[in-house]
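I opened this notebook to record what I looked up in one structure.

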Amino acid sequence: MLKCRLPMAEIVTDFFDKLKSKSQGFASFDYEEAGYDASDLVKMEVLLNGEAVDALAAVMHKSSVVVAGREIASRLKDVIRRQLFDIIIQTTANGKIVARETVKQLRKNVTAKCYGGDITRKMKLLNKQKEGKKRLKRIGKVDLPHEAFLTIVKRAE
């Protein structure tokens, strides 16, 4: 028999599932509340293009913020679809940026129909595309798919 004190947040998310999977279901787990202790907790927020996404915010211990922030940012980078503008994913804690990832933009080939000839036409089309992307980035909203929420909630094995 093993007796120890564990933070309740860790037990709720991971511990019980890992215990059952490691022991092929034979281990059991019983706990009693030991009371409340003061701890260094911080709120970690996820920013998409500078806008906070409240559904992805989490309260966690100060020591695990950097690792969790990097993991969440990299998972979101894999899940979010590319759009016509760069999507900047940042995780912040206490007003400091902990991690940053960028989902690169799609590049539509606007010069495909301009073969040969004058270079000024190509440059005009590319500049027009660049201005359109700037405008789109100002007013564009990032659609966060439902899978993004599921991948954040699900922990890495």
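Entry 1, conventions. I worked from a predicted model, in which local features need pLDDT of at least 70, side-chain atom pairs count only at pLDDT 80 or more, and totals for chains, interfaces and linings use all residues. Residues are numbered from 1 along each chain as its sequence is written, and side-chain values use heavy atoms, with hydrogens and water left out.

Entry 2, sheet. I looked up the strand order and found an open sheet of four strands, E2-E1-E3-E4, with antiparallel pairing. Strands are DSSP runs of E of at least two residues and helices runs of H or I of at least four, numbered from the N terminus; pairing requires at least two DSSP bridges. E2 and E4 are the edge strands, each pairing on one side only. The twist averages 20° from one strand to the next, with axes fitted to C-alpha atoms (for helices over the stretch in contact) and angles from 0 to 180 degrees between N-to-C directions.

I noted seven bridges between E1 (residues 41-48) and E2 (residues 51-61), and five between E1 and E3 (residues 87-93). Leu 47 stands opposite Ala 52 in E2 and opposite Gln 90 in E3. In the E1-E2 hairpin, with two residues between the strands, Asn 49 takes a positive phi near 55°.

Beyond its neighbours within four places in sequence, I found Leu 48 in contact (heavy atoms within 4.5 Å) with residues including Val 53, Ile 80 and Val 142.
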